[in-house]
Amino acid sequence: MSDYLTFALPKGRIMQDAMALFAKIGITCPEMDEPGRKLVFENRIDKFRFMAVRATDVPTYVEHGCADIGVVGKDTLLEQDKDLYEPLDLQFGYCRLVVAEPKALRQDDDPAGWSNIRVATKYPNVTEKYFANKGIQVEIIKLYGSIELAPLVGLAERIVDLVSTGGTLKENGMVEVETIAEVTSRLIVNRASLKTKHRRITRLIEDLESVVEAGPRISA
């Protein structure tokens, strides 16, 4: 497979958006039109290989060279801090990583007065770094899903989570307090692959950059 370019893509909407973008620069894989339960797909004519993986695993596959290229949200990159080349913001999958708390608490709360708080999150590293930079001690409760549940049952008064429309927060009586980061999908590249497959990868990056710059910009 040394003459192939291998992509690690997260299952679901991001994979669909990524393949739609790749198609604009001539990168396609007809085998993916009927995926079934397959996890690896090939375009043998153009020598492309695509791996369907969990979003949180994309950076690992790319960092270790199992994939040359990946597409993943900036939130995952911030949390994992892998040794990767990140050449391009693909400008889709926009959302925000925010601090949120119950609406009732927010009425009398002043974030400037926080000194020691408990936060539930899927992003312990980002959360710890963010509050450390603000001089706030934080006890982190690591969860893997339904972060909004934590304040409802008294596990933590505040959460750090990814939001798009904010609808889930609202339905659970929560409001945004601060934005930690704005998040979009990013192209990532294995550093060794960038050297060994330099011409092909550089051409891909340049072609994608032209398409992204010509397309509509994201909006909050």
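**Exercise 1. Is Lys122 buried, partly exposed or exposed?**

Solution. 
- This is a predicted model, and every value here is computed from it.
- Start with the place. Lys122 sits in the loop between β7 (116-121) and α5.
- Take the relative accessible area of Lys122, which is 35%.
- Apply the cut-offs: buried is under 20%, exposed is over 50%, and partly exposed lies in between.
- Lys122 is therefore partly exposed, at 35%.
- Now look along the chain. Lys122 and Ile159 are 37 residues apart, and their C-alpha atoms are separated by 9.1 Å.

**Exercise 2. Describe the largest pocket: its volume, its lining and the elements that supply the lining.**

Solution. 
- Begin with the volume. The largest pocket has about 600 Å³.
- Count the lining. It consists of 24 residues.
- Find the centre. Thr56, Asp75, Thr76, Lys122 and Tyr123 lie nearest to it.
- Lys122 from Exercise 1 is one of these residues.
- Turn to the elements. At least two lining residues come from each of β4 (69-73), α3 (74-80) and β9 (158-163).
- Helix α3 gives the largest share, 4 residues.
- Sort by class. The lining has 11 nonpolar, 7 polar and 6 charged residues.

**Exercise 3. Which residues make a nonpolar surface patch with Leu152?**

Solution. 
- The patch is made by Leu149, Leu152, Val153 and Leu155. Its area is about 360 Å².
- Locate Leu152. It belongs to helix α6 (residues 149-152).
- Leu149 is in helix α6 as well.
- Check the accessibility of Leu152. At 52%, Leu152 is exposed, because exposed means over 50%.
- Check Leu149. At 47%, Leu149 is partly exposed.
- Finally, compare chain and space. Leu152 and Met174 are 22 residues apart along the chain, with 9.6 Å between their C-alpha atoms.

**Exercise 4. Lys47 and Gln91 each have a positive phi. Where does each lie, and how exposed is each?**

Solution. 
- Take Lys47. Its phi is about 60 degrees, although Lys47 is not a glycine.
- Lys47 lies in the loop between β2 (40-43) and β3 (48-53).
- With 31% relative accessibility, Lys47 is partly exposed.
- Take Gln91. Its phi is near 65 degrees, again positive in a residue other than glycine.
- Gln91 lies in the loop between β5 and β6 (95-102).
- Gln91 has a relative accessible area of 15%, so it is buried.

**Exercise 5. How many salt bridges does the structure hold?** **Then work through three of them.**

Solution. 
- The structure holds 17 salt bridges.
- Pair one is Arg13 with Asp17. Their closest N and O atoms are 3.0 Å apart.
- Both residues are in helix α1 (residues 13-23). They are 4 residues apart, so about one helical turn separates Arg13 and Asp17.
- Arg13 is exposed, at 59% relative accessibility.
- Pair two is Lys38 with Glu31, at 3.2 Å from N to O.
- Lys38 is partly exposed at 40%. Glu31 is partly exposed at 28%.
- Glu139 is partly exposed at 38%. Arg118 is partly exposed at 36%.

Technical notes
Residues are numbered from 1 along each chain as its sequence is written. This is a predicted model: local features need pLDDT of at least 70, side-chain atom pairs count only at pLDDT 80 or more; totals for chains, interfaces and linings use all residues. Side-chain values use heavy atoms; hydrogens and water are left out. Buried means under 20% relative accessible area, exposed over 50%, partly exposed in between (1.4 Å probe, protein chains only). Patches are made of residues with over 30% relative accessible area and no salt bridge: like charges are joined within 9 Å, nonpolar side chains (Val, Leu, Ile, Met, Phe, Trp, Tyr) within 5 Å. Accessible areas come from the Shrake-Rupley method with a 1.4 Å probe; for residues, only the protein chains shown count as cover. A salt bridge is a side-chain nitrogen of Lys or Arg within 4 Å of a carboxyl oxygen of Asp or Glu. On a 1 Å grid over the protein atoms alone, a cavity is a set of points where a 1.4 Å probe fits but cannot get out, and a pocket is an open set with protein on both sides within 12 Å along at least five of seven lines; lining residues have an atom within 4 Å of a point. Grid points are joined across faces, edges and corners, and a volume is the space filled by probe spheres set on the points. Ala, Val, Leu, Ile, Met, Phe, Trp, Tyr, Cys and Pro count as nonpolar, Asp, Glu, Lys and Arg as charged, and the others, Gly among them, as polar.
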